[in-house]
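Please consult the sequence and the structure shown here before reading the points below.

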Amino acid sequence: MTYSRRGMSRRTLIKSGLAGVLATGVSPYIFSRGAWAQEFCNNPTGDTVTLGLNLPLSGAYAEEGADEQKAYELAVQHLNGEGDGGLLNVFTPSSLKGNGILGKRVAFVTSDSQTLADVARAGATRMIERDGAVMITGGSSSAEAVAVQGLCQEMGVIFMAGLTHSNDTTGKDKKRYGFRHFFNAYQSGIALGPVLGQEYGSDRRAYHLTADYTWGWTQEESIKAATEELGWETVQTVRTPLGAADFSQYLTPVLNSGADVLILNHYGNDMVNSLTQAVQFGLRERQVNGKNFEIVVPLFSELMAKGAGENIKGIFGTSNWHWNLQDPGTVAFTKSFGAAYGSPPSQAAHTAYVQTLLYADAVERAGTFYPPEVIAALEGFEFDGMGNGRTLYRAEDHQCIKSVLVVRGNENPTNEFDVLNVVQEVGRDVVDYDPAIFGGELGPAEPAPMC
Amino acid sequence: MFEVILLQFLNGLDKGGAYALIALGLTLVFGTLGVVNFAHGALFMLGAFCAVVFRQLITLETVTIDPDQLSPWGAPLEVHEPLVQAWFGDFGAVLVNYSVPLSLLLTVPVMLVIGIAMERGIIKHFYKRPHAEQILVTFGLAIVAQEIIKAIFGANPIPQPMPVDLRGAADIGALIGLTPHAVSYPIWRLVYFLFSVAIIGAVFAFLRFTTFGMVVRAGMADRETVGLLGINIDRRFTIMFGIAAIVAGMAGVMYTPIVPPNYQLGMNFLVLSFVVVVVGGMGSLPGAVLAGFLLGILQSFASMTQVKALVPGIDQIIIYLVAVVVLLVRPRGLLGRRGMMEA
């Protein structure tokens, strides 16, 4: 039997075609996708997919961590088609079906980050390497968020940040694998500045007490810029250690500093303690420069407001979200969470829940857990129905751009949960900003070959 | 400038009061039983939670369900009515108002029982073990106590309001002829300072002027000889452990209006208090008190803006810096005795 040698054989044609395709660098997408699908970190091959919850269950932000855990558990239930479905019913556009993620049942593992960056990083490593977590989420401190998203970038695992408010998280320390739904200190300054000017005037002298880590520094910088733009003078900025119980030695110098506003760049227990002690020093009853002395807490939550008790009454600040908003997303989430746990959700719980659903939805839209595809699905994604109005996951820095709330401690609460009033909902267009101002590089999307 | 210095001095006194009270209890335990008790901060925290429990008891409410009102998540709203006021009227309101100082009545027996149980149940088995093992077991006890409190009360601080009459700041400046409001200091912190002085005085008087105290002091000086005289010194030392627990607990109770207690309250003080004990001299009660006030005052002055402008960050390290200097100059601490923790 002889073979015809005329012209190009089928085998030669295939070889030449493949060589040409590879040489021009335009290999068909389906080939690379199939190849990577077997190789990326913790690709879920069974019938479950594991998420890693990195939660501050002890330390200065422990109460936020406990509330985040409740929200994650609720999100997992809803993703698996259990419970009332929560925000799955109102989130648009949504690809979630209530049958897990890509048909795999959602499971989770947890680690106590102790509100410490190095512990958070070690916990995330353990959940990735030992427990096979395909995504890491959680945290209530920007120091944790920055540390963990750096790790996740190295290991090729997506990090959906919990509560983190430092400009650095999606600024100079931003990472391709890190995504933040929570707002930031710069946006707090944009939202809060005009309200402070309206309430307290333009002739003020401010004294800052600032938690001594990334979040405190950037919040101090942002609020200082916003108030100085109003015409306020910054008398002094003092750094205080994270987790200090007694702030009295930092408060006594305020008394004779000539300042008539104290700005507390503290969060969690630190804020509860510093505010309580500032009130005990009689600061709110003082008259300085012919004006009432005022205290401002640029970022606070309902959990902190409960901890500070009546000292929070009348204090201005900003929040990412509040449970008594009346949009369908907020009503649905508050109903689900309240029915499950007997109390309304905090802003930490809300952002944790939303981040879980956004990740799951991105995987559904991408049709794969392969991180570069999920990242592409999240970048530039615009959605609604999550409680913050129309929201954009900005591609340039992975910062969610949405409305910001200016809140005030409720003077006349009607029940134990009624601790904050929403003074103003500052629109997304107002708090939007050029992502280039904070610098940073997102880095590559290609996953590490192994983890 | 004088006003600023006076304010920092007052601040140092009230900080020093807390340090001295905790260090006093630590020294009582170390001086009598020879145990380095890392659970002492936990006793401070447990005392603070006695105030929390007492307030929860006297603010008990009847809860009725109002089907006409709904919570934000659609459940029928609970209506709360305070029970003590319903029973005792105005007297009930006074009890609630003074819940923090009144909770000392609950704290004393509770802390005595906790202290004795801790000593008899666990610590006595470690008397003859090395100090490292004593530290490990007492530190373990502290963590267990923390986790129990966290499981029961949660991680969030629980504010304890001070009595209405003692809120706000006292105008110390006006009292001594300075500009009004130039030196204002929280009334409760002044109360805390006076309270710490009173408790320290009471402990010293107890040891100095009672037969029990005399025997304990003799036992601290020479345990063996006191034992040979037929006195059961171990029983007295156990009671001293209970008394040290009471002192720590009472210090914790009165501290709750200053820092809302949570499960970590004791840990915030523990390391500082050990530095105070070492600076004062291991086993020296007057040394613990002296070093407590000294370090409190120095820490406060180191936080002044003018001082921090000269040496940035000095407020964070001043206590440890002083400890290094004192130990270099006087290796046994300010008032330390020969033979304490020395081979």
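In H13(B), the buried residues are B:Leu265, B:Gly266, B:Phe269, B:Leu270, B:Leu272, B:Ser273, B:Phe274, B:Val276, B:Val277, B:Val278, B:Val279 and B:Gly280; buried denotes 20 or more other C-beta atoms within 10 Å of a residue's own, with C-beta atoms placed from the backbone. The model is predicted, with local features requiring pLDDT of at least 70 and side-chain atom pairs pLDDT 80 or more, while totals for chains, interfaces and linings use all residues. Residues are numbered from 1 along each chain as its sequence is written, and chains are lettered from A in the order in which they are written.

**Helix H13 of chain B**
- Because 12 of its 16 residues are buried, H13(B) is largely enclosed by the rest of the structure.
- Its buried residues pack against H1, H2 (40-58), H7 (131-153), H14 and H16 of chain B; helices are DSSP runs (H or I, at least four residues) numbered from the N terminus.
- From first to last C-alpha, H13(B) reaches 23 Å, close to the expected 22 Å, where the expected span is 1.5 Å times one less than the number of residues.
- At B:Val271, H13(B) bends by about 30°, the bend being the angle between axes fitted to the seven residues ending there and the seven starting there.
- B:Gly281 follows H13(B) and has a positive phi, near 115°.

**Interface with chain A**
- Chain B places 36 residues in contact with 35 residues of chain A, contact meaning backbone-placed C-beta atoms within 7 Å.
- Elements that each supply at least two residues to this side of chain B include helix H13 (265-280) and helix H14 (285-302).
- H1(B) gives the most to the side touching chain A, with six residues.

Terms used
Two residues are in contact if their C-beta atoms, placed from the backbone, lie within 7 Å.
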